[in-house]
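Colleague: Hi! Could you walk me through this one?
Modeller: Happy to, here it is.

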Amino acid sequence: EDALFVSQHMELLPPITAAQIAGWDDMQKLPVTVTDRRRVITNGIIKIEFIQQENIDGVSKYLVYFVDQNGKEYSDVRSLTNGSIGTTSVIPFEIKTQSTSNPSKLYLIIRNIVDGQLVGKVEYKLNIAFTNDFDL
């Protein structure tokens, strides 16, 4: 994955807003299927598997990352490229949390890399336990 390529695209796109997140119809069909049914984040690194379920003309490319309900980014931004039916991709994400306060839910955002349109949102529960190794 070309981190510079993803970074350049993100700089050109407006951030996702709270209104877009709240207004997204969760029943709308996603361009790819997220195979993880549990949808709970329990540590700082999570791997998400995506599978292409339908034929699409050409190759579609998306930006995928986690945000809170206000659109604040909580992970690195990755690119996802899909082609033929049955194509799978496993993408690792590093979740950026704080020891003081974290949202209870994060949303996996899927955006069209060309125009930045929100094309998918998948809700995850955030359940990372923090320990303080210094207070024994």
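**An aromatic cluster**

Modeller: Tyrosine 124 has 0% relative accessibility, so tyrosine 124 counts as buried (buried means under 20% relative accessible area, exposed over 50%, partly exposed in between, with a 1.4 Å probe and protein chains only). This is a predicted model, where local features need pLDDT of at least 70, side-chain atom pairs count only at pLDDT 80 or more, and totals for chains, interfaces and linings use all residues. Residues are numbered from 1 along each chain as its sequence is written, and side-chain values use heavy atoms, with hydrogens and water left out.

Colleague: How many aromatic pairs does a search of the whole structure find?

Modeller: Two. Rings of Phe, Tyr and Trp (its six-membered ring) pair if their centres lie within 6.5 Å; planes under 30 degrees apart count as stacked, over 60 as edge-to-face and the rest as tilted. Phenylalanine 66 and phenylalanine 93 are edge-to-face, because their ring centres are 5.3 Å apart and their planes stand at 85 degrees.

Colleague: And what do phenylalanine 66 and tyrosine 124 form?

Modeller: Another edge-to-face aromatic pair, with 5.3 Å centre to centre and 80 degrees between the planes. Phe66, Phe93 and Tyr124 form one aromatic cluster.

Colleague: Is phenylalanine 66 buried or exposed?

Modeller: Buried, at 0% relative accessibility.

Colleague: New topic: where does pLDDT stay under 50?

Modeller: Over residues 131-136. pLDDT is the predictor's confidence in each residue, from 0 to 100. Where it is low, the predicted coordinates should not be read in detail. The mean pLDDT of the protein chain is 82.

Definitions and conventions
Contact means heavy atoms within 4.5 Å.
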